[in-house]
Amino acid sequence: EKRWIVDVDSKDETELNAVKFAINKFCNPEGDKVHSIIPTKNGYHIITDRFDVMEFMKVFPDVDIQKKNPTLLFLPESLD
């Protein structure tokens, strides 16, 4: 199974919830695609199933989606 990482560069929980809502409700396939949310220094990484990126980018053009890039998901010392 492939997973994507949606990089939200904001600590604003309202924005985080808006991104999660858009992924689950407006991006095909419809349904719960969010598996985990990991805090980062500048915001959050949202681990998801695949979804329609073109629809998502219409609402959140500045949010980065990592599909194939290896990335560090959690480094506790970086959050201080």
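User: Hi, I'm new to this one. Which residue in S3 does Val-8 stand opposite?

Analyst: That's Tyr-44. Keep in mind that this is a predicted model.

User: Got it. How do S1 and S3 pair, parallel or antiparallel?

Analyst: Antiparallel, over five bridges.

User: And what joins S1 to S4?

Analyst: Three bridges, and those two strands run antiparallel. S4 covers residues 64-66.

User: How many of the residues in S1 are buried?

Analyst: Five of its five, so the strand counts as mostly covered. Trp-4, Val-6 and Val-8 point one way, while Ile-5 and Asp-7 point the other way.

User: OK, moving along the chain. Where is Ser-10?

Analyst: Ser-10 sits in the loop between S1 and H1.

User: Is Ser-10 buried or exposed there?

Analyst: Buried: its relative accessible area is 14%, and the cut-off for buried is under 20%. Leaving out residues up to four places away in sequence, Ser-10 touches Glu-15, Asn-42, Gly-43 and Tyr-44.

User: Now the helix. What caps the N-terminal end of H1?

Analyst: Asp-12 does. One of its side-chain oxygens lies 3.0 Å from the backbone nitrogen of Thr-14. The helix itself takes in residues 13-25 and reaches 18 Å from first C-alpha to last, close to what's expected for its 13 residues.

User: Which residues of H1 are buried?

Analyst: Leu-16, Val-19, Ala-22, Ile-23 and Asn-24. What covers them includes strands S1, S2 and S3, along with helix H2.

User: Switching topic: how many salt bridges does the structure hold?

Analyst: Two. In one of them, Asp-49 pairs with Arg-3, with the closest N and O atoms 2.5 Å apart. That pair links distant parts of the chain, 46 residues apart: Asp-49 is in the loop between S3 and H2, and Arg-3 is in the segment before S1.

User: How accessible are Asp-49 and Arg-3?

Analyst: Asp-49 is partly exposed at 22% relative accessible area, and Arg-3 is partly exposed too, at 34%.

User: Which side chains meet in the salt bridge at 2.9 Å?

Analyst: Those of Lys-58 and Glu-55. Both lie in helix H2, three residues apart, about one turn of the helix.

User: Does Lys-58 count as buried or exposed?

Analyst: Exposed, because its relative accessibility is 62% and the cut-off is over 50%. Glu-55 is partly exposed, at 32%.

Technical notes. Residues are numbered from 1 along each chain as its sequence is written. This is a predicted model: local features need pLDDT of at least 70, side-chain atom pairs count only at pLDDT 80 or more; totals for chains, interfaces and linings use all residues. Side-chain values use heavy atoms; hydrogens and water are left out. Helices (H or I, at least four residues) and strands (E, at least two) are DSSP runs, numbered from the N terminus. The expected span of a helix is 1.5 Å times one less than its number of residues. Buried means under 20% relative accessible area, exposed over 50%, partly exposed in between (1.4 Å probe, protein chains only). Contact means heavy atoms within 4.5 Å. A polar contact is a pair of N or O atoms within 3.5 Å; within protein, one must be able to donate a hydrogen and the other to accept it, and residues adjacent in sequence count only if both atoms are side-chain atoms. Two strands pair if DSSP finds at least two bridges between them. A salt bridge is a side-chain nitrogen of Lys or Arg within 4 Å of a carboxyl oxygen of Asp or Glu.
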